[in-house]
Amino acid sequence: MDEKNLVMLEFPKVREILAGFTSFPASRHLALSLLPSSNPALISQLLQQSAEARRLLSLAPDFSVRGALDVRESVQMAAIGKVLEPHILVDIQVTLAAARHVLTSIRKLAKELPLLWNIAGQIVELPSLEEEISRSISTSGELMDSASAELANLRGRLKETQHQLVDRLESIMKSPRGRKALQSSFITEREGRYVLPLKAEFKRELKGIVHDVSNTGATVFVEPWSAVEQGNELRQLAIEEKREMERILMALSARVGANEAEISQNVSLLAELDLELAKARYAEKANATEPVLGIAGGSVQDQAASKAGVLRLVDARHPLLVGKAVPLTVEMGSDYSILVITGPNTGGKTVALKTIGLLTLMAQAGMPIPASEKSCIPIFDGVYADIGDEQSIEQTLSTFSWHMGNIVRIIQSSTEKGLVLLDELGISTDPNEGAALARAILLNFLSKGTMVVATTHYSELKVFAHTTPGLRNASLDFDPATIAPTYHLTMGIPGGSNALAIASQLGLSPDIIDSAREMIPRGSRDIEMLLADLMSEKQRIENLRDSLEKEEEVARNLRSHWENELQRLQEQERAMLIEERDKLTEETAELQSEIRHAAAELKKARSQENIEQAERALAAVREQLRGLSSRIKTKRSDLTGEPVEASQIGAGDKVWLTDVNVWGDVLAVREEEGQIEVQVGHTRLRMNLDDAEKLKPPEGKVLPEPQRVRRGLSTRVPSLELDLRGKRADEVAPELDRYLNDASLAGLSRVRIIHGYGTGTVRQIVRDMLATHSLVKTFRPGERGEGGDGVTMVKL
């Protein structure tokens, strides 16, 4: 990965783009010095760190290193005894605060961002030093009175002495003699002493020390004798204040120097983290992502021990192209290791070559690449390029010589794990010799197993790539209708140069074009026409494929629609059957009530005539009930199955519980008691043996699972009770209504509502709602063994 190859593939420009997303000089330096690596473990770690940084910014979009500064040089100076300026100490305090913020923030996300936490976790907090600098120096770089008690005391005395001195000088100014002798009514300062501007002719009127004279000599600046002592005291206090400030700065600088290793390490860690954040910001801007490393289905370790692997770029874009670039999709390294790209001039061959090389370098530098996440890039031990033209008159190098010099260097340096990019291989010499030389060079790389991407216009190389195992053609498309390149890469088909069409489009005379076309050998013309026909056929096939994909999408949508419609009709049919059965069940309940009423009347009958009349009524009702029962069983068989008459119920059987209309699994049979134990969902019940029927499914159907509830509206059997204790008043009615609906749909006939005693509010809401609810038949307070007045028993 020497610098010449990096420059040829424009990697330094990508580093500059990345540096633009950094936050402070230390991380910018890291970005500008970023280099690709061939260490599989390191590359994998860097790409994972980049992915974690993208995750961090998705969780906290405003996260940053908060104004951190590169203070390492200043800290090193403090370590050797230099006293730092206040503003530099403020920079150090800001950087320590930024380090603390980053450490605290990433610590909270350590499980989600383990690699970033490995970096941030090494940050050393220095809260006492940070607090001491913050207490001593303002953000503007001024030492504050809170820096020390002595400094506060000196400044207090200094202010008081200054005030006294000014008062004395003002009293002199306001005196009659002062008003007469003074040049102007203000106090000024000379050489750190307070003085009065005195007229030169009155200098003998006011005794004192002359500190200065104006340029014209008309004004003499005099410190009156009466103010000298206070001036001396003021000067002494100012000297003591300066010494105290120097002492404070020296002490703070010494503390900074004592923590030089920790502070410098913190800056380096912040720079490392900010570099990963810069990668994440670049990824967001360029729609970039981290590629898969190594052979598809293999590990990075396997790849490092074998060949370079498979190179797959999906929807790749050159990172330096602005605007809407045509994405590039290319794959090589499995069946073939050399790709020969052909196509028209200005068709994008060199851009495709640079895109492959540059994205490989970016991935091996740990950067996200502007391509689909399906992209896979193997780890190369070197990326070599021969692109462009750097002929040198001084070194007597022609274009051909310059290219050959590069190729010689690449052949000597590259291995089977390298990537070689050759632009216009064999150009700038005799075409026959150039094509032969190009074939020999490609065979040399093929024998080593080196992955190569080469561009050319030579027809011989197109044929060579088609007939030689391990090589494959690819072409950049050319629209024959518009005579313009499409910049779309097609694998497996060579492309034409279309030099005459492009020259014509650029304005060359038609006569010259026709003359040139006549000079082209017939075989070459036929090849060019064949390639043009292939391109047209390819375009037609692509249009047909697009049309078929659209029709397939329409067919999928129609199929989905009719499947949903069929399901809806089946559910509607089932709902209608259930509704009919429910109506029959209600009629049965009414007839059973009439039977009980008739039986009661029969017992009360006092005459033979009344008895006979009651018996006739009872017989009629029972006959009607038998008819309804037959209809109910018919409807139920449509939904469940038919009873098995000659089979005895045993443990493990599925049975239909006629009392609650649900399926259950028999756990045990107690024949002596005439009862069975049944598991319904998560509930264990004891039922009368007569209330259970063992069923067989109708022909072509299977019994539904016991947990299935009617009408397909639920996937569980609701509990036989609802606990409303602890609910707010506004939550009671909606929850009770949902429960009654579910219980009714599940076929439960009796349920228990637990509302507790409390203030009675919940109980009143429950019973008021039950009194008017359409699914409730009757309800009553619970009895002693059922929970008393803290529950309400409901019959549905």
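Predicted model: local features only at pLDDT ≥ 70, side-chain atom pairs only at ≥ 80, totals over all residues.

Reader: Nice. What do the side chains of E10 and K354 meet in?

Author: They meet in a salt bridge, with 3.6 Å from N to O. E10 sits in the loop between α1 (3-8) and α2, while K354 belongs to helix α14, so the pair ties together parts that are 344 residues apart in sequence.

Reader: Which residues are linked with E10 and K354 in a network of salt bridges?

Author: K13 is part of it: E10, K13 and K354 are linked in a network of salt bridges.

Reader: And how many salt bridges does a search of the whole structure find?

Author: It finds 33. Another one joins E112 and R55, whose closest N and O atoms are 2.8 Å apart. E112 is in the loop between α6 (86-108) and α7 (114-120) and R55 is in helix α4 (residues 40-59), so this pair ties together parts that are 57 residues apart in sequence.

Reader: Which residue forms a salt bridge with E677?

Author: That is R670, and the closest N and O atoms are 2.6 Å apart. E677 counts as buried because its relative accessibility is 9%, under the 20% cut-off. R670, at 26%, counts as partly exposed.

Reader: Switching topic: what about the hydrophobic inside? How many residues does the largest nonpolar core have?

Author: It has 48 residues, and those with the most contacts inside it are L18, L313, I356, M362, I369 and L421. Helix α14 (residues 349-364) gives the largest share of this core, eight residues. There is also a second, separate core of 46 residues, which includes F24, F63, I137 and A271.

Reader: Let me click on L421. Which residues is it in contact with, leaving aside neighbours within four places in sequence?

Author: Those contacts are L9, L353, I356, G357, V383, Y384, A385, D386 and V453. I356 is also on the list of residues with the most contacts inside the largest core.

Reader: Good, now a helix. Which residues of α3 are buried?

Author: In helix α3 (residues 25-32) the buried residues are A26, S27 and A31. They lie on the same side of α3 because they cover an arc of only 140° around the axis.

Reader: Why would residues a few places apart point the same way in a helix?

Author: An α-helix has 3.6 residues a turn, so residues three or four places apart point the same way.

Reader: And what is on the face of α3 turned away from the buried side?

Author: That face carries the exposed residues P25 and H29. On the buried side, the cover includes α2 (11-19), α5 (72-79) and α12 (260-286).

Reader: Where is T219, and is it buried or exposed?

Author: T219 is in strand β4 (residues 219-224), and at 10% relative accessibility it counts as buried. Apart from neighbours within four places in sequence, T219 is in contact with Q183, P197, L198, D212, V213 and S214.

Reader: Which residues form a nonpolar patch on the surface?

Author: V554, L558 and W562 do, with about 330 Å² of accessible area together. W562 is placed in helix α20 (residues 522-604) and counts as exposed at 54% relative accessibility.

Reader: I also like to check the backbone. Which residue other than glycine has a positive phi?

Author: N287 is one of them, with phi near 55°. N287 lies in the loop between α12 and β5 (292-293) and is exposed, with a relative accessible area of 58%. Another is D315, which has a positive phi of about 50°. D315 is found in strand β6 (residues 311-316) and counts as partly exposed at 37%.

Reader: To wrap up, how many helices and strands are there in the protein?

Author: There are 23 helices and 24 strands. Of the 796 residues in the protein, 42% are buried. The accessible surface comes to about 42,600 Å², and 51% of that belongs to carbon and sulfur atoms.

Terms used:
Residues numbered from 1 in each chain as written. Heavy atoms only, no water. Core = buried A, V, L, I, M, F, W, Y, C linked by side-chain atoms within 4.5 Å. Buried < 20%, exposed > 50% of the residue type's maximum accessible area, 1.4 Å probe, protein only. Helix = DSSP H or I, 4+ residues; strand = E, 2+ residues; numbered from the N terminus. Contact = heavy atoms within 4.5 Å. Patch = residues over 30% accessible without salt bridge, like charges linked within 9 Å, V, L, I, M, F, W, Y side chains within 5 Å. Areas by Shrake-Rupley, 256 points an atom, 1.4 Å probe, with all protein chains shown as cover. Salt bridge = Lys/Arg side-chain N within 4 Å of Asp/Glu carboxyl O. Arc of directions from axis to C-beta.
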